[in-house]
Amino acid sequence: MATPMNPADMICYSLYSANHALTRTYRGLLEPLGLTYPQYLVLVALWAAETPQSVGQLGQTLSLDSGTLTPLLKRLEAAGLLTRSRNPKDERTVLVALTDQGRDMQRRAGHVPDAILAATGLDLDELADLRRRVSALRDRLID
């Protein structure tokens, strides 16, 4: 008979509970800005891009399908943070671009990365190492 497992001994539970705690921390930082964590991720991806991004590009960057991403984009558009428009070179493609208000949100949310770093209790090198290791685990599981 196999030894009974305890959730606290399982890597899946450790990752799940850490993700839950981290998302809760983000929620406290983002609610005053009127953003959810997934909306913040979309904005971070757009802030990092130098040009408007297609919905497909954003989906690939964030590992989200268009069915999940489209409602996020609609809410961000309704909030005045981005625009969606058809690509004049290919009408099948929807381009997403930041508005001035969306670019200003980057300044308003500028404190978030430092607050998250402080909440982890890790230094930059430790956090970078943890991110690399978790990303490598994810990549091995996907393959």
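Predicted model: local features only at pLDDT ≥ 70, side-chain atom pairs only at ≥ 80, totals over all residues.

Student: What holds strands of a sheet together in general?

Tutor: Strands pair through backbone hydrogen bonds, in either a parallel or an antiparallel arrangement. In this pair, R86 stands opposite V94 in strand 3.

Student: Which helix packs on the sheet and touches strand 2 and strand 3?

Tutor: That is helix 4 (residues 66-78), whose direction makes about 120° with that of strand 2. Helix 2 (residues 37-48) lies across strand 1, strand 2 and strand 3, and runs at about 95° to strand 3.

Student: How do I read the sheet as a whole: what is the order of its strands?

Tutor: The order is 1-3-2, in an open sheet of three strands with antiparallel pairing. Strand 1 (53-54) and strand 2 each have a single partner strand and stand at the edges, so one side of each is left without a neighbour in the sheet.

Student: Now a single residue. Is N87 buried or exposed?

Tutor: Burial is read from relative accessible area, and the cut-off for buried is under 20%. N87 has a relative accessible area of 16%, so this residue is buried. N87 belongs to strand 2 (residues 82-87).

Student: Which residues is N87 in contact with, leaving aside its neighbours within four places in sequence?

Tutor: With those neighbours set aside, N87 is in contact with T93 and L95.

Student: Let us step back to the chain. How many helices and strands are there?

Tutor: The chain has seven helices and three strands. Read from the N terminus on, its elements run α-α-β-α-α-β-β-α-α-α.

Student: What are the spans of the C-alpha trace along its principal axes?

Tutor: The spans are about 60 × 35 × 25 Å. Of the 143 residues in the chain, 25% are buried.

Student: And how do contacts divide by distance along the sequence?

Tutor: Take the contacts between residues at least 6 apart in sequence: 47% of them join residues at least 24 apart.

Technical notes
Residues numbered from 1 in each chain as written. Heavy atoms only, no water. Helix = DSSP H or I, 4+ residues; strand = E, 2+ residues; numbered from the N terminus. Buried < 20%, exposed > 50% of the residue type's maximum accessible area, 1.4 Å probe, protein only. Contact = heavy atoms within 4.5 Å. Pairing = 2+ DSSP bridges. Axes fitted to C-alpha atoms, helices over the stretch in contact; angles between N-to-C directions.
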